[in-house]
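Biologist: Before we look together, I would like to learn how to read charged contacts and annotated spans in a model. Could you take me through them one by one?

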Amino acid sequence: MVFRFLQRLTVMNGYRNFSNVGFVGLGNMGNSMAKNLLKKGHKLTVYDTNKSVVMNLIEAGARGASSAEELSKESNIVITMLPTNDHVWDSYTGEKGLLRGAQKNTIFIDSSTIDPLMSQKISIETLKKGAKFLDGPVSGGVVGARDGTLTFMVGGNEDVYKCAKSVLEAMGTRIVHCGDVGMGQVAKLCNNMLLAISMIGVSEVVNLADRLGLDPKVMLSILNTSTGRCWSSEIYPPIPGVIDTVPSSNNYQGGFMTSLMTKDLGLAQSAATRSNTAIPLGSLAHQIYRILMSHGHEQKDFSVVYQYFKNFK
Ligand code: NAD
């Protein structure tokens with residue numbers, strides 16, 4: 001209730017121009033997203049704890065800030081793209097953090113994948129500063145980040161969302177308003193849980209077919225014209241040598257790391273526990289990915305789960 005009331009108090013007054021965009025977290029995703037903002041003509045200030053990635057963006061035309069606080073002072077819209085809950089909380093509320101330098105009405109958009117509850121906590125802290133907050137996690141991976149074709153799942157006040165949309169369009173092709181703060185994260189976690197389940201499912205059945213004597217590639221082609229077809233079977237098959245450009249054909253390098261999928265399944269698990277929701281397949285998928293992590297596959301693409309079944313004696 002308090003949260004909704006605070007949100008209503010922050011309805012935007014008409015259209016705003018974003019002369020200064022700030023970007024925090026220039027890793028696998030953020031580096032390309034920030035470069036797309038530059039390509040679309042935005043004046044950009046960047047910050048990352050890793051100085052070498054900041055230098056890379058300075059060479060591309062951005063201004064480097066020495067802290068998140070400094071970046072915040074000179075930006076009227078800020079995007080954060082950080083690994084986990086703790087990194088995001090620290091970046092917003094820590095010493096020399098974003099909220100120390102927050103200007104009244106600055107819009108903060110967190111595109112990291114984190115717990116919806118954490119997004120709501122940060123939103124409350126942001127509103128206390130007179131600024132605004134949206135959660136805007138993305139799907140599309142590093143390729144979508146590079147090509148500017150990400151999908152943004154946005155949670156927060158609708159007027160704030162409308163103001164921020166044009167900036168997100170520099171980095172993505174589909175920008176969807178999902179509801180209140182946290183609902184972008186809910187959409188993201190639910191999608192990734194289904195993705196993990198479908199990737200495990202495809203891997204499991206193709207391996208069974210293989211063990212029974214059927215060529216895995218033939219099995220996959222049957223799936224793709226039958227009712228078992230899904231993104232994991234058709235676009236991103238875990239079986240090496242079917243599609244040259246996907247990670248399974250490149251020793252599971254690149255793509256979406258097992259460690260990130262495991263993190264997202266853990267977030268879905270906590271959200272389900274909190275809401276007393278049964279997610280039997282999501283829980284099992286989480287445990288399977290935790291086992292993959294313990295077998296040293298954390299840096300490999302999440303489709304490596306096929307190899308787990310294949311090597312299971
Ligand atoms: P990454 O680890 O490659 O990059 C994170 C960056 O944040 C690093 O450069 C790191 O130095 C920086 N950083 C960490 N703490 C910081 C702080 N306090 N202040 C400033 N900078 C800090 O991660 P990534 O792959 O770019 O993913 C970022 C987020 O996007 C994650 O939440 C991930 O789940 C999500 N995501 C990733 C993908 C993907 O395919 N990689 C796809 C969709 C969503």
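Modeller: Let us start within one helix: E125 and K128 are 3 residues apart in helix α6 (residues 116-128), which means that about one helical turn separates them. Helices here are DSSP runs of H or I with at least four residues, strands are runs of E with at least two, and both are numbered from the N terminus. This is a predicted model, in which local features need pLDDT of at least 70 and side-chain atom pairs count only at pLDDT 80 or more, while totals for chains, interfaces and linings use all residues. Residues are numbered from 1 along each chain as its sequence is written, and side-chain values use heavy atoms, with hydrogens and water left out.

Biologist: What do the side chains of E125 and K128 form?

Modeller: They meet in a salt bridge, with 3.1 Å from N to O; the term stands for a side-chain nitrogen of Lys or Arg within 4 Å of a carboxyl oxygen of Asp or Glu.

Biologist: How many salt bridges does the structure hold, and is K128 buried or exposed?

Modeller: There are 10 salt bridges in the structure. For accessibility, buried means under 20% relative accessible area, exposed means over 50%, and partly exposed lies in between, using a 1.4 Å probe and protein chains only. K128 is exposed at 60% relative accessibility, whereas E125, with a relative accessible area of 25%, is partly exposed.

Biologist: Which residues are linked in a network of salt bridges?

Modeller: The network of salt bridges links R63, E70 and E74. Within it, E70 pairs with R63, their closest N and O atoms being 3.2 Å apart; E70 is partly exposed at 24%, and R63 is partly exposed at 39% relative accessibility.

Biologist: Which residue forms a salt bridge with E234?

Modeller: The partner of E234 is R229, with the closest N and O atoms 3.8 Å apart. E234 counts as partly exposed at 36% relative accessibility, and R229 counts as partly exposed at 48%.

Biologist: Where does UniProt place the feature "domain: 6-phosphogluconate dehydrogenase NADP-binding"?

Modeller: The unreviewed UniProt entry gives that annotation to residues 20-179; UniProt positions follow the numbering used here, feature names are shortened, and annotations may be inferred rather than shown by experiment. In the model, residues 20-179 are 41% helix and 24% strand, with end C-alpha atoms 26 Å apart. UniProt also places "domain: 3-hydroxyisobutyrate dehydrogenase-like NAD-binding" (unreviewed entry) at residues 182-308, a span that is 61% helix and 0% strand, with its end C-alpha atoms 34 Å apart.
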